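Hi there,

Here is the structure I promised to pass on to you. Have a look at it first, and my notes follow just below.

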Amino acid sequence: MNALKKNPAWKGRKGPVVLVIMDGVGYGKYKEGDAVSDSKMYNLTALTEKSPHTRLKAHGTAVGLPSDEDMGNSEVGHNAMGCGRVFNQGAALVSKSIEKGAMFEGAAWKEIVKTTGTLHFIGLFSDGNVHSHLDHLKAMIIQAKKEGVKCVRIHILFDGRDVGETSALEYLDPFEGFLKDQNFDAKIASGGGRMWITMDRYGADWAMVDRGWQTHVLGSVRQFGSAREAVETYRREIPGIIDQDLKEFVVAKDGKPIGTIEDGDSVVYFNFRGDRALEITAAFEEEKFDKFDRKRRPKVCYAGMMEYDGDLHVPKRYLVSPPSIDRTMGEYLAATGVRTLAISETQKYGHVTYFFNGNRTGKFNEKLEDYVEIKSDVIPFEQRPWMKCAEITDQVIAAIGSGKYDFIRLNYPNGDMVGHTGIYQAVVCSMEAMDIQLGRLRKAVNEAGAVMVLTADHGNSDDMFEHEKKSGAVSLKEDGTPKAKTSHSLNPVPCIIYDPESKGEYTEVNEGLGISSIAATCIQLLGFIPPDDYDKSVLKM
């Protein structure tokens, strides 16, 4: 890796470049439901008014997803910002592999269908295209039947986050019809909401994975005659519950679960995104495992949809290779001797490190890089909407003043994590709490003669209500209140360059870019020339 070349036209700044990623904060398309514009964001407004700024694309093809109908997400967003280019991402790679038949020619798939036991599929049950897609699951079931698999069991994780918050039956009923049409022994065996079982990330709440293990593997949870019965019962018993929080269930016949996971079975975890796949994978694969009592660990042939961690090679077996992301900004900065700090709380720590570094675990240079994780509260986000934004800011302010770092990147998770709850008041609270911290950062940047770049990885809090596609009107519940939207938005995100000691190296910004332009922008502000194949900087220099 070659060092970056210095830009002779750059006149230098006393302080570091501070990249602030306001996770899930975009510019809303609709006035109703835009919790960002509805919040008292005095500091963000002032920074925007006093600084060069533009709007960046953060979804669809701009971040490597198949089409512009696909919402962005934190994984691909941080990939794009960190590597400065656009790579085809999980959904596109998997779809192409299935379309060309490459997945089914691979060694992992051949091992999966060769085993004589039941073939189990576990994953997010929707077409949100952020973690998974139902079309991928259907294609694998059809192929499994074609290759002589006799028994298939599906363990579903209801979404309500990347799709409508109570859309479970809209996916469940057609899928049950699809299984019936296959005319072989393929059935839904267990399930629950994605934020209640199985899909924890970054070790934030291993109890979720424990509940998933008891559900999918052991079958030791509440029994129902069908998945639909489970959904209807929980909705009746827990008024207002949304899909992502639905409790765990198994489908049983004559008091016996129809699909526990046993020795000799095969298991495919069909999510393609890595962050919420690593923990359940560890439960299946690791010999020495101390996060919870597995009771028993069946001897299975386990595969992930993709390689979730390229450095640790997890899982051991996977169906589709992830994008090979090289020459990230972090690697260039390390080769150039730039001193770096990356910091967030647990919920986004992996994004500002692992994903930002191109799906790479660890540092490029131990001496030049510091990574700081502030432990997230294990509590519903709507109950603590401010999350750890103040604690993150405390450490960043100290880092700015220390003179130890040239480049600091941080992630405030509030707009995304609280946005996913669908609780409008909590989202407004989260935005205003974050805005207070932006004011504190601004003061520290002024004192240090630093530069601050404010942006986001995708939208979310800017689009908190469901809207009718044709009219744009707010969709209403039976009681006349707006239907909450818990998924990401398709809206652009900010890019604000706050440079209080600007020396005139730039005066204007380029328009119509995507968030992959953040890398070249930060490299320019550090006084270097971006690599030739990086996407264009926001700054006209």
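Gly504 is exposed in this predicted model, because its relative accessible area of 51% falls over the 50% cut-off. Its place is in the loop between strand E17 and strand E18, the latter covering residues 508-509.

Is Glu285 buried or exposed? Glu285 counts as buried, because its relative accessibility is 11% and the limit for that label is under 20%. Leaving aside residues up to four places away in sequence, Glu285 touches Arg297, Tyr302, Val314, Pro315, Lys316 and Arg317.

Now to the sheet. Seven strands form an open sheet with mixed pairing, in the order E3-E17-E16-E2-E15-E13-E14. Strand E3 (53-56) and strand E14 (369-374) stand at the edges; each has a single partner strand, so one side of each is left without a neighbour in the sheet. From one strand to the next, the twist averages 15°. Helix H13, residues 389-402, packs on this sheet and touches strand E2 (17-22), strand E13 (340-345), E14 and strand E15 (407-412). The direction of H13 makes about 175° with that of E15.

E17 runs antiparallel to E3, and four bridges join them; the bridge partner of Arg55 in E17 is Pro494. With strand E16 (residues 451-455), E17 also pairs in the antiparallel sense, over four bridges, and here Met452 stands opposite Tyr498. How many of the six residues of E17 are buried? Six of the six are, so the strand is mostly covered. Val493, Cys495 and Ile497 point one way from E17, while Pro494, Ile496 and Tyr498 point the other way.

Helix H16 (residues 517-525) is also mostly covered, with nine of its nine residues buried. Among them are Ser517, Thr521, Cys522 and Gln524, along with Ile518 and Leu525. H16 is followed by Gly527, which has a positive phi, near 95°.

The largest pocket has a volume of about 1,400 Å³. Which residues are the closest to its centre? Of the 40 residues that line the largest pocket, those are Val163, Gly164, Glu466, His467 and Lys485. Sorted by class, the lining has 16 charged, twelve polar and twelve nonpolar residues.

That is what I have for you; happy browsing!

Best wishes

Notes. Residues are numbered from 1 along each chain as its sequence is written. This is a predicted model: local features need pLDDT of at least 70, side-chain atom pairs count only at pLDDT 80 or more; totals for chains, interfaces and linings use all residues. Side-chain values use heavy atoms; hydrogens and water are left out. Buried means under 20% relative accessible area, exposed over 50%, partly exposed in between (1.4 Å probe, protein chains only). Helices (H or I, at least four residues) and strands (E, at least two) are DSSP runs, numbered from the N terminus. Two strands pair if DSSP finds at least two bridges between them. Axes are lines fitted to C-alpha atoms, for helices over the stretch in contact, and angles run from 0 to 180 degrees between N-to-C directions. Contact means heavy atoms within 4.5 Å. On a 1 Å grid over the protein atoms alone, a cavity is a set of points where a 1.4 Å probe fits but cannot get out, and a pocket is an open set with protein on both sides within 12 Å along at least five of seven lines; lining residues have an atom within 4 Å of a point. Grid points are joined across faces, edges and corners, and a volume is the space filled by probe spheres set on the points. Ala, Val, Leu, Ile, Met, Phe, Trp, Tyr, Cys and Pro count as nonpolar, Asp, Glu, Lys and Arg as charged, and the others, Gly among them, as polar.
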